[in-house]
Amino acid sequence: MSYGLHKVKIAKRILKFIIIVIGILLISIVIMVFIEVQNTKYLKVKKNAFANNDSYLITNVNIIPMTQDTILVDKMVYIKDGIIQKIADRIEIKGIEILNAKNKYLTPGLIDMHVHVWDRYELGLYLSNGVTAIRNLWGMPMHLRIKEDVNNDEIISPLFFTTGPKLTGPEFIGDDNLQLTNPNEAREKVVSYKKRGYDFIKTYYGLTEDIFDTVIEQAAISNIDIVAHPSQKVSYSYHFNQQVKSIEHAEEIIQQPLNYRLDTLKLNEVINSFEKSKHSAFSPTLTGYNNIYQMLIDDEILESEKLQFMNPLIKKTDSKAQFERWDNTKLKDSTIVKTIKKQHDFHLKIVKKLHEVGTPIICGTDAGIGVTIPGFSIHQELAFYKEAGLSNYEVLRTATVNASKTHSIMNNMGTIEVGKVANLIVTDNNPLLNLSALQNPTTVFIKGRKLNRDSLDNFEEKARNRKNLIASAVRYLENLIFEK
């Protein structure tokens, strides 16, 4: 009897210990999340005096309107309530703050059409690099909260658009994917994501024809656009459906219709299909793929300065995993460095050919995964388009007017015109002569609110080597629990 009671006492002590440990863990998690919330308050509109003003008169400025390849010299721009009201040689407005641009250049804010956002620190990184709108392509519950805060003017952020979770077929297993097993489930998810507030549907690997057909059909009924990472279970031409507004990744052209061969003749067939599909935009994400090459030639890349701006959870998991994968491949295959570089160069040819037949190229970086840094990477992406043969004006179109035309909900940006949102960047030099002028803009306007370089530098410093691994893990766990 006493032996039995002794065992019960031990069991109670163990249970009590377990409860205490779980309690401590839960309290620690709550504290870490709370700390991150406090640490990102620098983005709160109420915490920034400059955010109280969204009406300005910009004088002595050279405008690059992006409506045509031109510069409007020595103009004035009147912004009221975050909207461009007037552009003229002389504007007389009383009782408004004046910004003398001192003969600098005014350009529409940049748009990155393919990013993966992991925390709010990254919002500041995009702004500091002149990115005033982003399209997040891996939707989770936290992104709906960010979107709500942006739309309600709670935080200083690029305009924020997001797909729902990635929709995949039943065979494509992974905790970051949502496997659809039948058409009814596909229909329910499209309806649910629209109702919950996601802006777009993202299709991904493994979608079979019957499931893909249902996604397209319901997306049309629900009036929600599709962004397509091509599925290998259907032909590539399947993605030219009118409900699909953009097709992602140059490497996917090589992997599917070209069957992993750098086949110029086969490529021409794909280019012809794009030419016939007048509604299809293309997001190459050259930087994301080129960073494979960078990992192969730089053994110290994970310790590099730029990786200090990567979310710590992604750096510890995805960045490390990708580096190890390609490092191991290099040990087994001495030709891999040359192979990856050769394919990247072929991607440049893809961009050039698509541009020549009139396919809208939209700038997307795939930032937020691997070693592709939020914000900074857009300048490398634009440089690749220049290398592919586009003029500076044509390159700028990919991150401004082309991007803004992709979805109707983005039509209010991308050019400097009356009635457009005042998402603008001021640069010392003319980006039509040198694209590097877009780096480190002196001033960024987001919905008419003026951010000077000191504020933008502060955003970068806040994001450098941030300590929010646990908070990021909690948000990812939330996604696994509530989206599966």
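This is a predicted model: local features need pLDDT of at least 70, side-chain atom pairs count only at pLDDT 80 or more; totals for chains, interfaces and linings use all residues.

To begin with, are Tyr204 and Tyr205 buried or exposed?

A: Both Tyr204 and Tyr205 are buried. Buried means under 20% relative accessible area, exposed means over 50%, and partly exposed is in between, using a 1.4 Å probe and protein chains only. Residues are numbered from 1 along each chain as its sequence is written, and side-chain values use heavy atoms, with hydrogens and water left out.

Now for the rings. There are 13 aromatic pairs in the structure. Take Tyr204 and Tyr205: their ring centres are 5.1 Å apart and their planes are at 65°, so this pair is edge-to-face. Phe240 and Phe274 have ring centres 4.8 Å apart and planes at 85°, so they are edge-to-face too. Phe240 sits in the loop between β10 (225-228) and β11 (244-248), while Phe274 belongs to helix α7 (residues 264-276), so the pair ties together parts that are 34 residues apart in sequence. As for the terms, rings of Phe, Tyr and Trp (its six-membered ring) pair if their centres lie within 6.5 Å; planes under 30 degrees apart are stacked, over 60 edge-to-face, and the rest tilted. Helices (H or I, at least four residues) and strands (E, at least two) are DSSP runs, numbered from the N terminus.

How hidden are those two Phe residues? Phe240 has 12% relative accessibility, so it counts as buried, and Phe274, at 1%, counts as buried as well. Together with Tyr236 and Phe282, Phe240 and Phe274 form one aromatic cluster.

The charged end of Lys166 sits over the ring of Tyr204, 4.5 Å from its centre. Lys166 also lies over the face of Trp138, at 3.9 Å from the ring centre. A charge sits over a ring if NZ of Lys or CZ of Arg is within 6 Å of the ring centre and within 35 degrees of the ring normal.

Zoom in on Ile292 of α8: at 11% relative accessibility, Ile292 counts as buried. Leaving aside neighbours within four places in sequence, Ile292 is in contact (heavy atoms within 4.5 Å) with Trp326 and Ile340.

Those two partners show up again where α9 meets α10: Trp326, Thr329 and Lys330 in α9 meet Ile336, Val337 and Ile340 in α10.
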